[in-house]
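Here is a short report on one protein chain. Look at the sequence and the structure first, then read on.

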Amino acid sequence: MEQEKMSVSKELNPDSASYHCSACHGDETWSYNHPIRGRAKSRSLSASPALGSTKEFRRTRSLHGPCPVTTFGPKACVLQNPQTIMHIQDPASQRLTWNKSPKSVLVIKKIRDASLLQPFKELCMYLMEENNMIVYVEKKVLEDPAIVSDESFGPVKKKFCTFREDYDDISNQIDFIICLGGDGTLLYASSLFQGSVPPVMAFHLGSLGFLTPFNFENFQSQVNQVIEGNAAVILRSRLKVRVVKEPRDKKRAIHNGLSENGLDPEGGKQAMQYQVLNEVVIDRGPSSYLSNVDVYLDGHLITTVQGDGVIVSTPTGSTAYAAAAGASMVHPNVPAIMVTPICPHSLSFRPIVVPAGVELKIMLSPEARNTAWVSFDGRKRQEIRHGDSISITTSCYPLPSICVCDPVSDWFESLAQCLHWNVRKKQAHFPEDEDQDEEDS
């Protein structure tokens, strides 16, 4: 993958030491003679010294967040614009391209919806017979009674490659993804890929469809455009969430440095990591007490949330639960993290937007009367107790969502069609005779 070139001041000392990008797992280095990417290990919030004072210069953590990985799955990447030197490309210039022709596709279908069976069959037969592609589907999709009893679909069904969630790793076998259903299918696709995500093409066959811009009527031509690499793409940032829990059950033994869920422990603690597309929700759960959680930003306590809970969302998630809780709606290309309280017991607690590069840490306050509960895009719900922590920052693995037109037009179209943003009757103008009377007076 070609790294994006950025201009660096000639005043910088070329002999300065290289730095490692912690956001990219330490496998990239940079110095003043190399392209700048990602974040440095320092987490200071203070501004860096002037560029002339190179001896004291220490690169602070970038508030723009990590430079997003722009390779998606085995074969897709963003078409680089050689004329731009910005850290983030102009949204309108982000185009999909292929290193090699895509040969495998994951089809995600909303389950328990009989109306999607016919579109699902038509799409799969088209991909297999017309494009000679390998089609992956989840095993439980083919267990639908309507598909099992359809004899005409039998020969095609035998050609599917199947997988099971949480059991089979297909991350390196999928070239791109097609979703049939609502926004939940896109969230599910994100959960299947904890690293690089293949390009996602989402058809609106659900109830809302804010994140699914394509109509299914002319799916053949639209799919062909994507296969040919003729499509705009929007990089939807995700949150990298790390949950660390205090050990409470002595029966959970640690073997060979791994906990039972296969993740490295921190001093005997159980650690889990998630990639989240919409939001992380911390709430009071079934308790009747207020939730009471402390929120830290880069190690500094910024507030204590007393209310029903708090939502930490991406710009993509700003039009979901966060919007219902009073947050501003933010375009997905804006590098930011939204922090939105849920029914706070305070008249002055307003939702805030923080830079994408910060790290938030949320813990139960020592004065909390009860535990809290956390969920990730509405899934993996679990209890948070005293001593547990939730660390949240922007992931360097965005979800590349294919656009119908372009990122800006698609977003405003969704605001208008799905949320009816700013819809009201137009104010009537004054009659001409009244205008004349006012001029005469």
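Contact means that heavy atoms lie within 4.5 Å.

## The model and its chain

This is a predicted model, in which local features need pLDDT of at least 70 and side-chain atom pairs count only at pLDDT 80 or more, while totals for chains, interfaces and linings use all residues. Residues are numbered from 1 along each chain as its sequence is written, and side-chain values use heavy atoms, with hydrogens and water left out.

The chain has 8 helices and 23 strands. Helices (H or I, at least four residues) and strands (E, at least two) are DSSP runs, numbered from the N terminus. Of the 441 residues, 48% are buried. Buried means under 20% relative accessible area, exposed over 50%, and partly exposed in between (1.4 Å probe, protein chains only). Among contacts with a separation of 6 or more, 68% join residues 24 or more positions apart.

## Two buried residues

Serine 318 sits in the loop between strand S16 (300-313) and helix H6 (321-324). Its relative accessibility is 0%, so serine 318 counts as buried. Which residues is serine 318 in contact with, leaving aside its neighbours within four places in sequence? They are Ser313, Ala323, Ser328, Met329, Val330 and Met338.

Leucine 235 belongs to strand S11. It is buried too, with a relative accessible area of 11%. Not counting residues up to four places away in sequence, leucine 235 touches Pro68, Thr70, Phe72, Val78, Gln94, Pro332, Pro398, Leu399 and Pro400. Now take asparagine 333, which is 98 residues from leucine 235 along the chain. The C-alpha atoms of these two are separated by 7.0 Å.

## Aromatic rings

A search of the whole structure finds 11 aromatic pairs. Rings of Phe, Tyr and Trp (its six-membered ring) pair if their centres lie within 6.5 Å; planes under 30 degrees apart count as stacked, over 60 as edge-to-face and the rest as tilted. Phenylalanine 203 and phenylalanine 216 have ring centres 5.5 Å apart and planes at 80°, so this pair is edge-to-face. The pair links distant parts of the chain, 13 residues apart. Phenylalanine 203 is in strand S10 (residues 200-204), and phenylalanine 216 is in the loop between S10 and helix H5 (219-227). Phenylalanine 203 is buried at 0% relative accessible area. Phenylalanine 216 is buried at 10%. Ring pairs also build a cluster from Tyr126, Phe203, Phe214, Phe216 and Phe219.

Lysine 121 lies over the face of phenylalanine 153, 5.9 Å from the ring centre. The charged end of arginine 164 sits over the ring of tyrosine 167, at 4.6 Å from its centre.

## Helix H7

Helix H7 (residues 407-418) has 12 residues. From first C-alpha to last, H7 reaches 16 Å, close to the 16 Å expected at 1.5 Å a residue. The expected span is 1.5 Å times one less than the number of residues.

Which residues of H7 are buried? They are Pro407, Asp410, Trp411, Ser414, Leu415 and Cys418. These cover an arc of only 140° around the axis, so they lie on the same side of H7. The arc is that of the directions from the helix axis to the C-beta atoms. An α-helix has 3.6 residues a turn, so residues three or four places apart point the same way. Strand S11 (233-236) is included in what covers the buried residues of H7. Just after H7, histidine 420 takes a positive phi of about 50°.

Key
Lys NZ or Arg CZ within 6 Å of the ring centre and 35° of its normal.
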